[in-house]
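Visitor: Could you walk me through the annotated site of this protein, one question at a time?

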Amino acid sequence: MSDVVSLLAQIADTGRDPRGPGYQRPGFSATERELRTWFLAEADRRGLDTEIDANGITWAWATEPGDDAVVTGSHLDSVPGGGAFDGPLGVASALAAFDDLKASGALDAAGRPLALAVFPEEEGSRFGVACLGSRLITGAIDSDRALGLRDANGDTFADVARGYGLDPARMGADPQRLQGIGSFIELHVEQGIGLAGTDQAVAIGSSIIGHGRWHFAFAGQGNHAGTTPMNHRADPVVAASRVIGDIPTLAAATDATAVATVGRTLIHPGGTNVIASGMSFWLDIRHEDDAVVEQVLEAITARARDHAADTGVRVEVSQESYSPTTRFTAALNDRLRAVLPTAPMLPSGAGHDAGILAPHVPSAMLYVRNPTGVSHAPEEACEDDDARAGVDALVAVLESELGVGGDR
């Protein structure tokens, strides 16, 4: 079977951004479907039993399904213009780890079932809610709310899911499946500088800091760009832009370690010679202390209302998602540290499906070194030797969880 590097090479051209470097792999898109088909084919080559559950999560069972299962995997979708490793590294590593376990005979002696899993719409780049698949299965998002989400084209998640072969009426919390998971280990490329420049290729995740997304919608009066005097305008672009410009100062003034980002804006109707009638932006705030996240949001919301009043426009603020700070399961992390005694412990500012699952099933994460420290961009990187070291670490952890010995 292929190793992790050659597995990633198989999908290296899938979803490449035609407008420049990076990838476009939106959740529940034709591209993600192609990637899912690739995973299913690789699972079939290995004789794994596959299924797609009611929430669009893909499962590949390496043994007979059963309770107290050990599960590993990640996601295949990307942010717009994303890199090659965010998500796919964990999926390819799960397949490569299975190959190692099979070749060593470890699966024959396994005391627990083993499954590989691929979660859909982890990035939330299409419907605005990150980790949508894991939120649905855990009940972290109400299914009716999820089904009513709309993408940039106005299509509802219900309609898109139906076109993806899913039944919207069956989507939602699945406690029975969750009860069957004894431990979930997600491997992921590191998305910061924690390992860059060190002699360690792999780290263990300690926590995921709290983070949320909010939608700011400014509404004004559309008008003619050439005939409307400046002092007669109710221009939402002016108000929204002033707020965006204030966000770095407001976040830093609240807490020096808080981060707040606007990475997406939308101007309506978008004509060059038209004063816009509406402008929206999406705000991402993250901090380990949930109270600080709330304080940053309050400061930015208050400034938005001030700028809206000054420019004669209206503003509405709505929460799209929020995940409080999550600490991974202590007992499971203790077992990871026993297997990987030199691996450092790293907190993460990036959200993951493992973080959504953690309140419901024992969960842990392995991070693989990213020499650039850049993620959610084409410059995201992972050296071949580090990717293989990540697989070795994952195999060692899986052997421990499955109750088999391994000489590595």
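Visitor: With which side chain does the side chain of H75 make a polar contact?

Guide: This is a predicted model, in which local features need pLDDT of at least 70, side-chain atom pairs count only at pLDDT 80 or more, and totals for chains, interfaces and linings use all residues. Residues are numbered from 1 along each chain as its sequence is written, and side-chain values use heavy atoms, leaving out hydrogens and water. A polar contact is a pair of N or O atoms within 3.5 Å, where within protein one must be able to donate a hydrogen and the other to accept it, and residues adjacent in sequence count only if both atoms are side-chain atoms. At 3.1 Å, the partner of the H75 side chain is the side chain of D77.

Visitor: Is H188 buried or exposed?

Guide: Buried means under 20% relative accessible area, exposed over 50%, and partly exposed in between, with a 1.4 Å probe and protein chains only. Because the relative accessible area of H188 is 1%, H188 counts as buried.

Visitor: Which side chain does the side chain of H188 meet in a polar contact?

Guide: H188 touches, among others, H75 and D86 (heavy atoms within 4.5 Å), not counting residues up to four places away in sequence. The polar contact of its side chain, at 2.8 Å, is with the side chain of D86.

Visitor: What is the largest C-alpha distance within the "binding site" set?

Guide: The unreviewed UniProt entry places this feature at H75, D86 and H188, in the numbering used here, with a shortened feature name and an annotation that may be inferred rather than shown by experiment. Although these positions are spread over 114 residues of sequence, they cluster in space, with a largest C-alpha distance of 9.4 Å.
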